Amino acid sequence: MSDTRFTLAGRLKAFTYALRGIKFLWQGEPTTRFHLAGTVLALGGAWYFDFATWEWAFVIAFIGLVWFAEGVNSAVERACDAITLERDPLIGRAKDLAAGAVLIISMTALAVALLLYGPRVVALLGG
Ligand SMILES: Nc1ncnc2c1ncn2[C@@H]1O[C@H](COP(=O)(O)OP(=O)(O)OP(=O)(O)O)[C@@H](O)[C@H]1O
């Protein structure tokens, strides 16, 4: 059974586990390069277009949400694979649900990006 007492050392250890999780996400998931490109593009664009504070807040929040969803999706995939590598309809459904959650937040982030960057990009291109 795990120790439930609150200690600074325990919290520090949990923090290092969480950092290790971020490292796993970075090293082990093929989609992270894609998310990194999106993150760099979004931050670079916000800087280039001199976004207002509330716009920066949206950009940062949605970047975080997409990475968060990707991390949870990866955790679900790994946990499912640990349960069984055999074909199983429930495992398939769990993985599809987790992937669907990533798709929902990615599409939402794209819609917000179109609202924030779209008019500026059009103006930049002389539209
Ligand atoms: N054990 C399984 N039983 C039934 N269906 C599965 C199983 N494993 C995967 N699937 C199906 O295949 C899809 C892809 O699964 P997979 O584990 O390859 O994830 P992925 O989206 O390719 O992610 P990644 O490439 O990051 O591992 C799942 O969404 C699910 O529909």
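Author: Before we start: two residues are in contact if their C-beta atoms, placed from the backbone, lie within 7 Å. Keep in mind that this is a predicted model.

Reader: Of the contacts with a separation of 6 or more, what share comes from residues 24 or more positions apart?

Author: Take the contacts in the chain with a separation of 6 or more. Residues 24 or more positions apart account for 64%.

Reader: And what pattern does the chain follow along the sequence?

Author: The chain has 4 helices and 0 strands. Read in order, that gives α-α-α-α.

Reader: What is the chain's radius of gyration, next to that of a compact globule of 127 residues?

Author: The C-alpha atoms fill a box of roughly 60 × 45 × 20 Å along the principal axes. A compact globule of 127 residues would come out near 14 Å, but the chain has 19 Å.

Reader: Which residues does UniProt list as "transmembrane region"?

Author: Over residues 56-76 the model is 100% helix, with end C-alpha atoms 30 Å apart. Residues 97-117 are also 100% helix, and their end C-alpha atoms lie 30 Å apart. The unreviewed UniProt entry lists 56-76 and 97-117.

Reader: Is D50 buried or exposed?

Author: D50 sits in the loop between helix 2 (32-48) and helix 3 (53-83), and has a positive phi of about 55 degrees although it is not a glycine. Most residues other than glycine have a negative phi. Because D50 has 8 other C-beta atoms within 10 Å, it counts as exposed.

Reader: Which helix gives the most to the shell around the ligand?

Author: The shell divides into 3 nonpolar, 1 polar and 6 charged residues, including R87, D88 and K95. With 5 residues, the top contributor is helix 4 (residues 89-124).

Key: Residues numbered from 1 in each chain as written. Predicted model: local features only at pLDDT ≥ 70, side-chain atom pairs only at ≥ 80, totals over all residues. UniProt positions renumbered as here; feature names shortened; annotations may be inferred. Helix = DSSP H or I, 4+ residues; strand = E, 2+ residues; numbered from the N terminus. Buried ≥ 20, exposed ≤ 12 C-beta atoms within 10 Å, placed from the backbone. Near = placed C-beta within 6 Å. Nonpolar A, V, L, I, M, F, W, Y, C, P; charged D, E, K, R; others polar. Rg over C-alpha atoms; globule rule 2.2 N^0.38 Å.
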